[in-house]
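Please keep the sequence and the model in view while working through the numbered points.

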Amino acid sequence: TIGIKGKTGSGKSTLINLIMTLIKPTKGSIKINDIDIIKPNQEKYLIKWRRSIAHVPQFIYLTDTTILENIAFGEKIKDIDFKRAIFCAKAAKIYDFIEKKEEGIYTKIGERGIKLSGGQLQRIGIARALYREAEILILDEATSALDQITEKEVIQSIKENNSKLTIISISHRLSTLVGYDKIIRFENQKVFFEKN
């Protein structure tokens, strides 16, 4: 688990965009296992790297369909791994809410998830990212709408249910990063690496 902290405009999002290769560095390289994945002749490694990442932004895009379809976003209903979707909902600590709904996981959430709270939206976004079975989970202020206790439970649950997952988390709230293995701190245009 890697936490990234720093004031607005300090470079946190730029670092994440570099990690996800959404932008290229103006100088230097991005190396994965000593392979510079942004070189023109390394496209197969670049594609593999991008597929290994699941990104959860602060504001989640949800469609006016069911909770199930939003967790397994992009899959046809007949292709959805129902057990996997339930497992991911439980890991993201949204399943208790789902169980209380009359239509359960088939509950429609309204346009952009209008029928859900901010915390419920974010947990469905996290369940969606987990459903992808990526190796790296990037949480970009993705738990900002949760209270501190729920946030801690969600992160702990993700770690317990996905032991091989690397989690990179950006947060303004320092309590979010308590218990993370490493912290990257941006301050005065400098980067500091800390142990938590």
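1. A starting residue. The model discussed here is a predicted one. Isoleucine 167 belongs to strand 6, which covers residues 166-170. Its relative accessibility is 1%, so isoleucine 167 counts as buried, the limit being under 20%.

2. The surroundings of isoleucine 167. Leaving out residues up to four places away in sequence, isoleucine 167 touches Thr1, Ile2, Leu137, Leu139, Ile158, Lys159 and Tyr180. Glutamate 135 is 32 residues from isoleucine 167 along the chain, and the C-alpha atoms of the two are separated by 8.7 Å.

3. The chain as a whole. The secondary structure comprises seven helices and eight strands. The chain has 196 residues, for which a compact globule would have a radius of gyration near 16 Å; the value for the chain is 17 Å, which agrees. Taken along the principal axes, the box filled by the C-alpha atoms is roughly 55 × 40 × 30 Å.

4. Of the 196 residues, 46% count as buried. The chain exposes about 11900 Å², and carbon and sulfur atoms supply 50% of this area. Among contacts with a separation of 6 or more, 68% come from residues 24 or more positions apart.

5. The largest nonpolar core. In soluble globular proteins, nonpolar side chains tend to be buried together. Here the largest nonpolar core has 42 residues, and Ile71 and Leu137 are those with the most contacts inside it. Two or more residues of this core come from each of strand 4 (53-56), helix 3 (67-71), helix 4 (82-91), helix 5 (95-100), helix 6 (118-131), strand 5 (136-140) and helix 7 (148-161). Which element gives the most to this core? Helix 6 does, with seven residues.

6. Not counting residues up to four places away in sequence, leucine 137 touches Ala54, Val56, Ala129, Leu130, Ile158, Leu165, Thr166, Ile167 and Ile168.

7. Glycine 3. Where in the chain is glycine 3 found? Glycine 3 is part of strand 1, residues 2-6. Its relative accessible area is 0%, so glycine 3 is buried. Beyond four places in sequence, glycine 3 touches Ser169, Leu177, Tyr180, Lys182, Ile183 and Ile184. The C-alpha atoms of glycine 3 and aspartate 181 are separated by 7.9 Å, although these residues are 178 residues apart along the chain.

8. Asparagine 162. Is asparagine 162 buried or exposed? With a relative accessible area of 15%, asparagine 162 is buried. Its place is in the loop between helix 7 and strand 6. Neighbours within four places in sequence aside, asparagine 162 is in contact with Arg84, Phe87, Ala91 and Leu130.

9. Tyrosine 61 lies in the loop between strand 4 and helix 3, and phenylalanine 73 in the loop between helix 3 and helix 4, so the pair ties together parts that are 12 residues apart in sequence. Phenylalanine 73 counts as partly exposed, at 42% relative accessibility.

10. The stacked aromatic pair. Phenylalanine 82 and tyrosine 106 have ring centres 6.3 Å apart and planes at 15°; an angle under 30 degrees counts as stacked, so this pair is stacked. Phenylalanine 82 is in helix 4 and tyrosine 106 in the loop between helix 5 and helix 6, and the pair thus links distant parts of the chain, 24 residues apart. Phenylalanine 82 is partly exposed, with a relative accessible area of 38%, and tyrosine 106 is also partly exposed, at 44% relative accessibility.

11. Charges over rings. Which ring has the charged end of lysine 90 over it? The ring is that of tyrosine 95, and the charged end of lysine 90 sits 5.1 Å from its centre. Arginine 185 lies over the face of phenylalanine 192, at 4.4 Å from the ring centre.

Methods: Residues are numbered from 1 along each chain as its sequence is written. This is a predicted model: local features need pLDDT of at least 70, side-chain atom pairs count only at pLDDT 80 or more; totals for chains, interfaces and linings use all residues. Side-chain values use heavy atoms; hydrogens and water are left out. A nonpolar core is a set of buried Ala, Val, Leu, Ile, Met, Phe, Trp, Tyr and Cys residues joined through side-chain atoms within 4.5 Å. Buried means under 20% relative accessible area, exposed over 50%, partly exposed in between (1.4 Å probe, protein chains only). Helices (H or I, at least four residues) and strands (E, at least two) are DSSP runs, numbered from the N terminus. Contact means heavy atoms within 4.5 Å. Rings of Phe, Tyr and Trp (its six-membered ring) pair if their centres lie within 6.5 Å; planes under 30 degrees apart count as stacked, over 60 as edge-to-face and the rest as tilted. A charge sits over a ring if NZ of Lys or CZ of Arg is within 6 Å of the ring centre and within 35 degrees of the ring normal. The radius of gyration is taken over C-alpha atoms; the globule rule is 2.2 Å times the number of residues to the power 0.38. Accessible areas come from the Shrake-Rupley method with a 1.4 Å probe; for residues, only the protein chains shown count as cover.
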